[in-house]
Amino acid sequence: MEEGMQLIDENGNFNVDGLQDFVTATEFAQSGLSYAIVAIIGSQSSGKSTLLNQTFHTKFKEMDAYNGRSQTTKGIWIAKCSDIDPFTIVMDFEGTDSNQRGEDDAAFERQSTLFALEIADVVLINMWCKDIGLEHAASRPLLKTVFQVIKRSSKQPKKTLLFVIRDHTKTPLERLKKFIFEDIEKIWDAVPEPETTPLYEFFKVEITALPSYEFQEVEFKEQVAQLRQQFVHSTCPGGLVGDRKKVKSASFSIYAEDIWKTIKENKDLDLPSIKVMVATFRCEAIAEEKLKCFTSNKRWLAIKEDVQAGPVPGFGEDVTSILETCLSEYDIEVGHFDEEVRNAKRQQLLSNVLMVVHDAYDTMLMHLYSNTVKSFKTSLEQSLNEGREYVASIHLCSQSCLREFDEGCEDAAIQQSGWNANKFRKRLICNMLSEVMAKYENQITHAIANTVESLLEASERNTWALVRDVFECNTEKAISEFSDAAASFELRSSEIDTKFQHLREFARNLLKMKAREKADAGRVLKRMMDRSKQVFDNYENSMAWYKSETNLDEIERKALSKSLRILSIMAAIRYDEMPDQIENVLYSSLMDRIVLNPSLQKTPMEAVLDPLALDTWKEVSQNSTTLLKPEDCKSLWMTFIEEIKPMVTDVKSRQDARRKTQSYVAVGTGAAVGVAAAAAAAVVAGPAVVANLGIAFITRAMRR
């Protein structure tokens with residue numbers, strides 16, 4: 001079967017019976033999985049059949065050079081190689097670029113090439129050395145369209161592409177290899193997604209070169225013999241046949257027929273016409289040339305450089321003009337190519353040019369944005385200095401600056417782009433609003449911070465009611481004024497509500513921050529000590545102190561009670577009017593246990609029932625925020641009791657001293673009355689009696 005059998009004729013008809021006879025005659029089915037299939041593709045009259053016959057000792061029909069160059073192989077032929085292990089089948093494919101088929105009948109070329117890539121383990125790509133770098137002779141369009149199909153298939157087994165360079169010239173083989181590798185990688189990478197898999201995960205690429213068969217027949221046959229050796233034991237590890245499909249030889253007939261049927265029925269696999277291929281190639285080349293012309297255009301380069309320093313007057317008009325010239329030149333040069341192709345490549349050229357321009361356009365808008373922000377701040381400050389109200393100034397300055405920005409953006413617009421400045425305009429409005437928000441945040445801070453600090457410092461019974469009044473009144477006032485100012489920016493209601501919520505959260509966080517500062521354990525303890533001292537000082541400065549009418553224990557309890565109130569006030573932030581039981585819990589848990597010895601251990605039941613053993617308050621509103629946890633209050637109270645003991649002791653000592661002083665005064669007063677009476681009698685009795693009486697009085701006083 002070395003002469004070969006036509007597997008598929010020139011009309012695409014599959015020879016089912018002939019393949020079955022071939023399989024039977026060659027005993028192909030007995031080879032199991034130990035076989036290899038080699039196919040060859042390439043342009044017409046490039047010596048494909050000759051190469052197969054010399055390499056595999058087959059007898060495919062060869063072109064008669066004396067009759068001129070013409071189509072020899074029609075369709076796809078198959079033959080068995082002789083004297084090669086493993087069992088090897090060779091497939092000779094009809095040449096591409098055949099003038100017999102014509103310009104528009106290229107579907108068979110692609111179908112047959114896909115069949116070769118699917119059915120064969122090794123595909124020989126036959127090309128003349130002189131054709132390397134040419135579009136069609138080097139099979140570039142064919143490879144490109146075939147790669148599109150291969151790349152879509154995630155299950156494609158790895159194949160070997162063996163490029164055979166015919167009539168090798170003086171150009172070093174390594175340089176030719178480098179060129180071919182770069183070319184096929186470029187073709188692969190140019191194929192659109194979906195898959196981003198590297199070329200070499202689908203193909204093993206090999207390149208070899210042969211001298212001229214016509215002028216160097218001896219050398220040609222020697223190198224062909226070396227090439228033949230590569231197919232001996234080709235299925236072994238490291239051989240040309242690598243990751244091949246595990247299709248048993250007995251099933252080959254059915255498999256081959258199914259593959260061809262699938263390719264024939266899939267209309268998406270039809271090759272575009274040569275006219276379309278040429279149009280695609282030339283339009284791409286012209287578009288690439290025009291892109292280079294644009295990027296090197298002196299006017300464009302000057303604009304690109306100038307815009308880095310600041311806004312360029314007439315930016316949009318100048319860039320539009322340069323771009324229009326670029327597109328017009330493209331249109332003139334591609335006017336005679338396929339309309340659909342040239343329009344598609346024109347759009348691609350426009351996209352590529354706009355990618356080049358986009359950074360400069362963004363830079364231009366950034367300058368306009370930055371200048372407008374500065375202008376807004378300056379004009380607002382000037383308007384306020386002239387005595388205008390804040391809301392009126394915001395309206396005047398914002399409208400003026402936005403109008404100025406819009407005019408600048410219109411001047412920068414590039415007609416062909418369809419771009420707009422919405423992103424920068426929104427950013428500008430956000431910046432202006434941030435200025436307004438900062439003003440009202442400062443207003444809230446000045447109105448709330450100091451007042452809240454003073455109220456918390458005082459810590460009276462109605463502290464949180466007063467704090468809420470200050471908080472709500474000033475927050476709502478700021479929101480109302482902001483609403484009037486925000487009307488200048490034509491915001492959506494949802495955006496305005498978001499800003500309102502931000503101001504409320506800002507005020508709430510400010511209140512929380514000030515409350516936490518005042519709820520610092522050290523500060524709370526100091527205020528409790530100061531409040532107790534104030535109670536004792538008031539007592540000592542009152543008439544009750546001098547008359548000793550009030551029990552000191554009552555004064556001490558009053559001081560502790562007022563201090564405990566501070567602790568209850570600072571335990572949590574009360575955002576609403578809902579009453580809580582914090583003060584009652586603290587009184588019942590702490591005031592009644594002052595005399596307990598802290599060293600005594602609680603019983604398990606006492607520990608369970610102690611409400612201050614928890615880390616949360618159960619008696620407060622959900623809107624409240626804990627500042628001091630129950631266990632913190634208890635710890636702080638115990639510290640306070642220890643700290644206040646010296647103060648209480650000092651007050652008691654002073655009270656005892658006062659009472660003794662008062663007793664001395666009372667005794668001295670009684671003695672003085674007795675002395676006066678005795679003196680009166682002594683005057684009558686005589687001087688000696690007076691002297692004795694004085695000595696007796698002094699003696700009694702000293703005994704006391």
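This report describes helix packing, nonpolar cores and some backbone features in a predicted model.

Two packed helices are described by the angle between their axes and the distance between the axes.

| Helix pair | Axes come within | Crossing angle |
|---|---|---|
| H14 (residues 463-486) and H15 (residues 493-518) | 10 Å | roughly 150 degrees |
| H13 (residues 422-458) and H15 | 9 Å | roughly 30 degrees |

The axes of H14 and H15 cross at roughly 150 degrees. Angles over 145 degrees count as roughly antiparallel, and H14 and H15 are therefore roughly antiparallel to each other. The crossing of H14 with H15 is right-handed. On the H14 side, the residues that meet H15 include Trp 464, Val 467, Phe 471, Ile 479 and Phe 482. Their counterparts in H15 include Phe 500, Leu 503, Arg 504, Arg 508 and Leu 511. Sorted by class, the contact of H14 with H15 contains eleven nonpolar, two polar and four charged residues.

For H13 and H15, the axes cross at roughly 30 degrees. Angles under 35 degrees count as roughly parallel, and H13 and H15 are therefore roughly parallel to each other. H13 also passes H15 in a right-handed crossing. Among the residues of H13 that make this contact are Leu 433, Met 437, Tyr 440, Ile 444, Val 452 and Glu 453. The contact of H13 with H15 comprises 14 nonpolar, two polar and seven charged residues.

Is Lys 518 buried or exposed? Its relative accessibility is 12%; because buried means under 20%, Lys 518 counts as buried. Leaving out residues up to four places away in sequence, Lys 518 touches Glu 453, Leu 456, Glu 457, Arg 523, Val 524, Arg 527 and Met 570.

**Nonpolar cores**

The largest nonpolar core has 114 residues. Within this core, Phe 315, Leu 567 and Trp 637 have the most contacts. Helix H11 (residues 339-385) supplies the largest share of the core, namely 15 residues. What lies in contact with Phe 315, apart from its neighbours within four places in sequence? The residues are Ile 303, Val 307, Ala 360, Tyr 361, Met 364, Asp 411, Ala 412 and Ile 414. A second, separate core has 53 residues, including Val 23, Ala 116, Val 123 and Ile 132.

**Backbone features in two loops**

The loop between strand S3 (76-80) and strand S4 (87-93) contains Pro 86. The peptide bond that leads from Asp 85 to Pro 86 is cis, and its omega is near 10 degrees. Asp 83 is also found in the loop between S3 and S4. The phi of Asp 83 is near 65 degrees, which is a positive value in a residue other than glycine. With a relative accessible area of 69%, Asp 83 is exposed.

His 57 is placed in the loop between helix H2 (48-56) and S3. Its phi is near 60 degrees, again a positive value in a residue other than glycine. At a relative accessibility of 38%, His 57 counts as partly exposed.

Methods: Residues are numbered from 1 along each chain as its sequence is written. This is a predicted model: local features need pLDDT of at least 70, side-chain atom pairs count only at pLDDT 80 or more; totals for chains, interfaces and linings use all residues. Side-chain values use heavy atoms; hydrogens and water are left out. Helices (H or I, at least four residues) and strands (E, at least two) are DSSP runs, numbered from the N terminus. Buried means under 20% relative accessible area, exposed over 50%, partly exposed in between (1.4 Å probe, protein chains only). Axes are lines fitted to C-alpha atoms, for helices over the stretch in contact, and angles run from 0 to 180 degrees between N-to-C directions. Angles under 35 degrees count as roughly parallel, over 145 as roughly antiparallel, 65 to 115 as roughly perpendicular and the rest as oblique. A crossing is left-handed if the near helix is turned anticlockwise from the far one by less than a right angle, and right-handed if clockwise. Contact means heavy atoms within 4.5 Å. Ala, Val, Leu, Ile, Met, Phe, Trp, Tyr, Cys and Pro count as nonpolar, Asp, Glu, Lys and Arg as charged, and the others, Gly among them, as polar. A nonpolar core is a set of buried Ala, Val, Leu, Ile, Met, Phe, Trp, Tyr and Cys residues joined through side-chain atoms within 4.5 Å.
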